[in-house]
Amino acid sequence: MESSSAWWPAPVQAPAEQPAEPEQQDLSWPTHEDLGRSGPKQSRNKRGGVAGALAAIVAFAAKFKAIILLLPKLKLLTTVGTMVVSVAAYSFVFGWPFAVGFVVLIFVHEMGHVIALRREGIKASAPMFIPFLGAVISAKSLGRNATAEARVGLAGPILGSLGAVVCIGIWQATGNDLWRALAFTGLFLNLFNLLPVVPLDGGRAMAAMAPWMWFLGFAAMIPLAIIFPNPIIFLIVLVAGYETYRRWKLRKTATPQQQAYYRVRPRDRALVAAVYLGLIALLVVGMDATHLTRTFS
């Protein structure tokens, strides 16, 4: 404990003049107040401020560049963004509840193809939606042979039909005709995709079953386009005509690669045919059970 006598008052004396303390040199970095001062320090502060601003710009540019380079890899953004656009487009015709369900059913169908492609060891993109045309995926090939192509082609209608069956279950549980309409629409879309013409899924199955059916499918599309004229069917007819001609011409070249591609074992051909025909029958029965006459108010 310190002695208290140090605090006792001393005799009064004339105050001695204290020598002035030497001025201390400012060794600190310039502060914000220094920015307004003149002289050499002002120049240093300006240089420091410009350097700091440049460093901030460079750091931001580096981060922005990293974001730009990352965006193409974020395929989820493309899928979700195009889904939202498609929902908005369909909602003007069907209302947003049906539009949401309709786009989800298309997504389920396309994911069947994506899953099948990846099982074949082929990298496939996420679906990209195109309003009133459906959705597309990109891949380098559809498989190493016609059997693999058929598996990839049929995977979409199989998974898409299961999505429609889920809608049937919800309709039966709730009695809400919205789910009934979604189920019928999903079944119809998957059945339409089984038409035996490329580039539809049925045409992929025909690559393993009977490639000559491409001509029959194309011939069936022509009266369909006349009876039910719309841009989508016209587009399919144009693409189908080109693809049928191109693929048949490649088959006629009879190169070893082409022969190997279309060489399908009888067991695999029978299995593809059983899945194809059985799926068509189930879809027709399901459409009959869920058919709902649309009323306009």
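The following dialogue examines how the terms applied to this predicted model rest on computed values.

Mentor: The model is predicted, so local features need pLDDT of at least 70 and side-chain atom pairs count only at pLDDT 80 or more, while totals for chains, interfaces and linings use all residues. Residues are numbered from 1 along each chain as its sequence is written, and side-chain values use heavy atoms, with hydrogens and water left out.

Trainee: What makes up the secondary structure of the chain?

Mentor: The chain has ten helices and two strands. Helices (H or I, at least four residues) and strands (E, at least two) are DSSP runs, numbered from the N terminus. In order from that terminus, the elements run α-α-α-β-β-α-α-α-α-α-α-α.

Trainee: Why is Arg-247 called buried?

Mentor: Buried means under 20% relative accessible area, exposed over 50%, and partly exposed in between (1.4 Å probe, protein chains only). Arg-247 has 7% relative accessibility, so this residue counts as buried. Its place is in helix 8 (residues 231–253). Of the 297 residues of the chain, 33% count as buried.

Trainee: Which residues are in contact with Arg-247, leaving aside its neighbours within four places in sequence?

Mentor: Contact means heavy atoms within 4.5 Å. With those neighbours set aside, Arg-247 is in contact with Glu-149, Val-198, Arg-204, Ala-207, Trp-214, Tyr-261 and Tyr-262.

Trainee: What makes the pair Arg-247 and Glu-149 a polar contact?

Mentor: A polar contact is a pair of N or O atoms within 3.5 Å; within protein, one must be able to donate a hydrogen and the other to accept it, and residues adjacent in sequence count only if both atoms are side-chain atoms. The side chains of Arg-247 and Glu-149 are joined by such a contact of 2.7 Å.

Trainee: What else is buried in helix 8, and what covers the buried residues?

Mentor: Ile-233, Ile-236, Val-237, Ala-240, Glu-243 and Thr-244 are buried in helix 8, along with Arg-247. Their cover includes helix 4, helix 5 (177–192), helix 6, helix 7 and helix 9 (256–261).

Trainee: How do you know that the span of helix 8 is close to the expected one?

Mentor: The expected span of a helix is 1.5 Å times one less than its number of residues. Helix 8 has 23 residues and reaches 34 Å from its first C-alpha to its last, close to the expected 33 Å. Ala-254, which follows helix 8, has a positive phi near 55°.

Trainee: Why is the pair Arg-246 and Glu-243 called a salt bridge?

Mentor: A salt bridge is a side-chain nitrogen of Lys or Arg within 4 Å of a carboxyl oxygen of Asp or Glu. For Arg-246 and Glu-243, the N to O distance is 3.0 Å. Both residues lie in helix 8, three residues apart, about one turn of the helix. Arg-246 is partly exposed because its relative accessible area is 32%, whereas Glu-243, at 15%, counts as buried.

Trainee: Why is Asp-268 called buried, and what is its salt-bridge partner?

Mentor: Asp-268 is buried because its relative accessible area is 13%. Its partner is Arg-265, with the closest N and O atoms 3.0 Å apart. Arg-265, at 49%, is partly exposed. Elsewhere, salt bridges that share partners join Glu-120, Arg-144 and Arg-151 into one network.

Trainee: What makes a set of residues a nonpolar core, and which members touch the most others in the largest one?

Mentor: A nonpolar core is a set of buried Ala, Val, Leu, Ile, Met, Phe, Trp, Tyr and Cys residues joined through side-chain atoms within 4.5 Å. The largest has 24 residues, of which Ala-146, Val-272 and Tyr-276 touch the most other members. Helix 4 (146–174), helix 6 (201–209), helix 7 (213–227) and helix 10 (266–290) each supply at least two residues of this core. Its largest share, six residues, comes from helix 10. A second, separate core of 14 residues includes Met-83, Phe-98, Ala-135 and Ala-183.
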